[in-house]
Amino acid sequence: MLFRSHYRVGEALMGMKRFDDAVDALKQGLKLHPNNEGIEMKLAQANAMASLIQSLEAETILAHQSGRKAKAKQNTNKGQNSSFLCVV
């Protein structure tokens with residue numbers, strides 16, 4: 001019945017939004033009790049949430065980097081425009 005403790009730990013970790021840790025705990029429970037449908041379902045949920053979080057984090061990083069590049073380009077253009085205005 002030790003697998004139940006891993007299930008409960010996994011469930012608690014999911015509640016705390018620690019999905020990667022939940023996946024680890026649930027995998028341990030599955031090792032102790034292979035083919036347990038409850039653990040398999042909870043593991044699928046934890047994996048899905050962990051993947052979603054990773055995707056969102058990656059999108060946030062890319063958006064931040066794109067924003068930096070756009071701002072740098074905008075600042076470069078401002079410098080060019082101001083030089084142009086000084087000449088005219």
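Asparagine 36 lies in the loop between α2 and α3. The model that contains this residue is predicted, so local features are described only at pLDDT of at least 70 and side-chain atom pairs only at pLDDT 80 or more, while totals for chains, interfaces and linings use all residues. Residues are numbered from 1 along each chain as its sequence is written, and side-chain values use heavy atoms, with hydrogens and water left out.

The protein has 3 helices and 0 strands, where helices (H or I, at least four residues) and strands (E, at least two) are DSSP runs numbered from the N terminus. Read from the N terminus, the order of elements is α-α-α. Helix α1 covers 2–15 and α2 covers 19–32, and α3 covers 37–87. Of the 88 residues, 19% count as buried; buried means under 20% relative accessible area, exposed over 50%, and partly exposed in between, with a 1.4 Å probe and protein chains only. Among the contacts in the protein with a separation of 6 or more, 47% come from residues 24 or more positions apart, a contact being heavy atoms within 4.5 Å.

The pairing of α1 with α2 comes next. Their axes are 8 Å apart, and the two helices pack at an angle of about 165 degrees. Axes here are lines fitted to C-alpha atoms, for helices over the stretch in contact, and angles run from 0 to 180 degrees between N-to-C directions. α1 and α2 are therefore roughly antiparallel to each other, a class for angles over 145 degrees, with under 35 roughly parallel, 65 to 115 roughly perpendicular and the rest oblique. On the α1 side, the contact is made by Leu2, Phe3, His6, Tyr7, Val9, Gly10, Leu13 and Met14. On the α2 side, Phe19, Asp21, Ala22, Ala25, Leu26, Gln28, Gly29 and Leu32 take part. By class, this contact of α1 with α2 has 11 nonpolar, 4 polar and 1 charged residues; Ala, Val, Leu, Ile, Met, Phe, Trp, Tyr, Cys and Pro count as nonpolar, Asp, Glu, Lys and Arg as charged, and the others, Gly among them, as polar.

Arginine 4 belongs to helix α1, and its C-alpha atom is separated by 7.1 Å from that of glycine 29, 25 residues apart along the chain. Arginine 4 counts as partly exposed because its relative accessibility is 42%. Aspartate 24 is also partly exposed, since its relative accessibility is 45%.

Most residues other than glycine have a negative phi. Lysine 17 sits in the loop between α1 and α2, and its phi is near 65 degrees, a positive value in a residue other than glycine. Asparagine 35 sits in the loop between α2 and α3, and its phi is likewise positive, near 65 degrees. Lysine 17 counts as exposed because its relative accessibility is 63%. Asparagine 35 is exposed as well, because its relative accessibility is 63%.

Asparagine 36 counts as buried, because its relative accessibility is 14%. The side chain of asparagine 36 reaches the backbone nitrogen of isoleucine 39 at 2.9 Å. Leaving aside neighbours within four places in sequence, asparagine 36 is in contact with Phe3 and Leu30.

In helix α3 is lysine 42. Lysine 42 is buried, because its relative accessible area is 14%. With neighbours within four places in sequence left aside, lysine 42 is in contact with Tyr7, Glu11, Met14 and Leu26.

Conventions
A polar contact is a pair of N or O atoms within 3.5 Å; within protein, one must be able to donate a hydrogen and the other to accept it, and residues adjacent in sequence count only if both atoms are side-chain atoms.
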